[in-house]
Amino acid sequence: MMRWAIIFLVVALIAAVLGFGGIANFSFEIAKFIAVIAIILFVIALVAGGLRGRGTPRL
């Protein structure tokens, strides 16, 4: 998921350098949205893993 955010960020940077303001803004917003979702999912995974604990292994 972070790969997509980086791809959209690169597209936004290239579009900004070439002067395509609308495309750059749109790509940057998509990259920001995907990055925020990836961070939220990462935090949820950390909390879920911490709540599960290590416990004793079952045989």
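This is a predicted model: local features need pLDDT of at least 70, side-chain atom pairs count only at pLDDT 80 or more; totals for chains, interfaces and linings use all residues.
Local features need pLDDT of at least 70, side-chain atom pairs count only at pLDDT 80 or more, and totals for chains, interfaces and linings use all residues. Residues are numbered from 1 along each chain as its sequence is written, and side-chain values use heavy atoms, without hydrogens and water.

Helix α1 covers residues 2–18. Helices are DSSP runs of H or I with at least four residues, numbered from the N terminus. The structure holds one aromatic pair. Trp4 and Phe8 form this pair, which is tilted, at 6.4 Å centre to centre and 35° between the planes. Rings of Phe, Tyr and Trp (its six-membered ring) pair if their centres lie within 6.5 Å; planes under 30 degrees apart count as stacked, over 60 as edge-to-face and the rest as tilted. Both residues lie in α1, four residues apart, about one turn of the helix. Trp4 counts as partly exposed because its relative accessibility is 47%. Phe8 is partly exposed too, at 24%. Buried means under 20% relative accessible area, exposed over 50%, and partly exposed in between (1.4 Å probe, protein chains only).

Helix α2 spans residues 21–52. Its 32 residues should span 46 Å at 1.5 Å a residue, and the end C-alpha atoms are 47 Å apart, which agrees. The expected span is 1.5 Å times one less than the number of residues. The buried residues of α2 are Ala24, Ser27, Ala31, Ile34, Ala35 and Ala38. Gly53 follows α2, with a positive phi near 75°.

Methods: Helices (H or I, at least four residues) and strands (E, at least two) are DSSP runs, numbered from the N terminus.
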